[in-house]
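Please keep the sequence and the model in view while reading.

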Amino acid sequence: MTNEDNPSLTVLYSTQSGRAKACARRSSRLLRSKYPSLEIRGNCSFDTFGATRFLSLGSSSGGHDDSSRPRGESDKKTEKSHLLLVFVSTTGDGEHTSSIAQTWSALLSKSLSPTLFANVSFALFALGDRAYGDAFCAAGRKLAARLVQLGATPVCALGYGDDGSDCGVLGDLDVWLVETFFRAVDGLYVDKRVEKSDEIEFLSDGQNGVVYSVEILEREAGKRDGEIHEWQKQEYSQQYAKYFQHSCPDTAYQYNDRCIRLNGRSNDKSDQIDVSRISRKSPPLLGRVIVNNRLTSEEWMQNTRHLRIRVNGRMGKTMSSLQEENNIPTCSLPYQAGDVATILPSNPISLVSKFLSVLPLSVRSLADAQIRIKRIHTQLSGNNHPWPEECTLRGLLTHCVDIQSLPEREDLYALSAYCNLDHVSGKDQREKLISLSETSGAALYTEYIIRNKRNWVDLFYDFDSLFYEEVVVDVCEGISEKTLLTISSLLSLLPSISPRHFSIASAPSFIQMNMEPSTLGFELELCVAVVEGTTPLGRRYTGFCSNYLGLIAPCSEEDAENSSVNLTSVVRLWLTPGSFHKLPLNQSTDALNSSQHYFQTPILCVGAGTGIAPLRALIFEREAHRSQQLIQKSPMSSGDETRTHDHHPDDVLVFGCRKRLMDYYYGIEWESLAETRRLRLVLAFSRDQEHKLYVQRVLREMDRGSFIVQHMLERQGAVYIAGGSKMARAVKDEIVESLGAVLEGGEADAKKLLNRMKRKGLFSIEAWS
């Protein structure tokens, strides 16, 4: 039987943090093991696969090019159902991630036929966190329902992965695969068209051949310079820019050479500019950290930073791209209040040196050699990173490889093949790595890797047979070292650095009001809690990107304008739309007669901890709009015109933290704004009294329990919630309960109201675990 006669399966995923991708990777390998003749395609994100291609899966070509088939043969296989295996993550308040945004938008088109996917069968594994309540795995459930509406047939029950469970999503995945999905596949292929193995045999990621070739160009090329990073050096900058471009979020804004945002990527409905000629993927913007201050008290356990970044450049500028951009209109603001900064961090030099020390001598001796990397094969379930074509190994490990990440179970299995059996413990270490990767070893993996935060450096240190080298004596060539682990194999094994997302804490209009008109570029601010802690075994750990940002020494504003001074303060970033991208800014009919009631729509912001970041942006964006219009008013008319309404100003902030004197983020700003009576400030300090006090309780008790109903029903106000998932769920539950008590249909009507507000951008949640 030829490969074309074999049934095929397409594996796709949508992911925010990489867990859905890990599920797809593991499932693909196990499928190849259990069903050797099953042709597996895709193994990428939905939008990488392409919305048009996805919609064509139900056609005779099954989403693949059939133009080369002889005439008359294109419909021979139309009766064969195409099988689709998808992994779908949920983000925010039951929303899809950005990696499926375009495909999901296409699927919602009302013009699609209800029999579009009549030729498609699917299995879906949804990922989420039960702490989100009703929003748990909501994105996956919505996609499954839409596929059924379009004629697709589910082959088995949906799988659910709970990120908050003891075994995590991968543990839930293993159970679903064995008990549900594999049984369904067995039933589909009962006619034995697919060769089946009764035992799941673990296959090496290297089975399909070498993925990368490495050529040594110059052995002593990488002279370390503390004033400049390798990606900034002229001989490497274009190669790194091309590599970084692959990390660009699909929804990232595009900017011209003056760092002005191009209109075509805006969220404004009036912006209908065609920017199809410009690549969706762009190299990162370059920003200088000019402020990096600690927000929390020095005595407090949490180190939270306030950063101001001046963006005044970008990587990879070319003449052709500049010429294309000259014909595209620009936006007045560089970003919108509530948007997100996507930061691409680098590893500390000390950690890179430590990792090099646990690599084979034959590898680490080439750490500073200039190498050329060529991808010669695309493997199905492993890593297919488009590494820089020319760089040094040290530079690659510093700026491209996430050696601080926790190895996945699939990584442990792939690494087991590189345990040198000539080492005294090589066989035992190989067996242990395989055991850690198996379903039966899930608890051991959780304890060893997850709970004790062992990263790639720790793993290589513990499994020393990975870098063991056998001394070989050859009569002709002399003494040499023989090792299984080479630079080429490392490139196939190691994960690339994924950018991290931070809500922007600044309002673009407010920032522009206080910047000199001649300043090149723009500024943004971040509120970053540095992740640090100790494992049960006393191992210290830190968050990759938060620690990277926290340690950056700020440069002066003068140096920020000089592209050749203090280059170590430069950060790479993109900006993307956030959850709060429809902030109401319309003026009320008597806007100029009242500074407290300037807007048509009042807003309620509820946040805890660093959830204050996007809420600060929303509040000060409205403050900037108010100030710009009222600035010409006579001082005599801006005083006590609305004292009788001071209790209900346009903007209400309910903020919670632990202690007023320790982690009251931006407290001085809120107190000052509250004094103007343009902000109503309600605080909840959970540890300043004997009994803990949280934001959901103070919200419930505001105005003797009547505030929520008055704000949302009588004043038709908007609500924005930001912070931890448990807090967000509790606040939403309070709102549903309060509205349900007065609406005729109870809580069911309350949830319908929230959904209508959500579609209009008047109810949004930005939450994280």
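Buried means under 20% relative accessible area, exposed over 50%, and partly exposed in between (1.4 Å probe, protein chains only). This is a predicted model, in which local features need pLDDT of at least 70 and side-chain atom pairs count only at pLDDT 80 or more, while totals for chains, interfaces and linings use all residues. Residues are numbered from 1 along each chain as its sequence is written, and side-chain values use heavy atoms, with hydrogens and water left out.

Q: In which order do the strands of the open sheet of 6 strands stand?
A: Helices (H or I, at least four residues) and strands (E, at least two) are DSSP runs numbered from the N terminus. Two strands pair if DSSP finds at least two bridges between them. The pairing in this sheet is antiparallel, and the order is S16-S11-S20-S9-S10-S17.

Q: Which strands stand at the edges of this sheet?
A: An edge strand here has a single partner strand, so one side of it is left without a neighbour in the sheet. The strands in this position are S16 and S17.

Q: How many bridges join strand S11 to S20?
A: Strand S11 covers residues 340-344 and runs antiparallel to S20. Within S20, Leu573 stands opposite Ile343. The number of bridges joining S11 to S20 is 5.

Q: Which residue of S20 is the bridge partner of Gly287?
A: Strand S9 (residues 285-294) and S20 run antiparallel and are joined by 4 bridges. For Gly287, the bridge partner in S20 is Val571.

Q: How many of the residues of strand S20 are buried?
A: Strand S20 spans residues 570-576. Val570, Arg572, Trp574 and Thr576 point one way, Val571, Leu573 and Leu575 point the other way, and all are buried. S20 is thus mostly covered, and its count of buried residues is 7 of 7.

Q: Which residue in S10 is the bridge partner of Leu286?
A: S9 and S10 pair in the antiparallel sense over 9 bridges. In S10, the partner of Leu286 is Gly313.

Q: How far apart in sequence are the parts that Glu523 and Arg308 tie together?
A: A salt bridge is a side-chain nitrogen of Lys or Arg within 4 Å of a carboxyl oxygen of Asp or Glu. The side chains of Glu523 and Arg308 meet in such a bridge at 3.7 Å, N to O. Glu523 lies in strand S17 (residues 522-529) and Arg308 in strand S10 (residues 304-314), so the parts tied together are apart in sequence by 215 residues.

Q: Is Asp402 buried or exposed?
A: Asp402 and Arg500 form a salt bridge through their side chains (3.4 Å, N to O). Asp402 lies in the loop between helix H11 (393-399) and helix H12 (409-416), and Arg500 in strand S16 (residues 500-503), so the pair ties together parts that are 98 residues apart in sequence. Arg500 counts as partly exposed at 25% relative accessibility. Asp402, at 5% relative accessibility, counts as buried.

Q: What is the relative accessible area of Arg540?
A: Arg540 forms a salt bridge with Glu532, with the closest N and O atoms 3.5 Å apart. Glu532 is partly exposed at 36% relative accessibility. Arg540 is exposed, and its relative accessible area is 63%.
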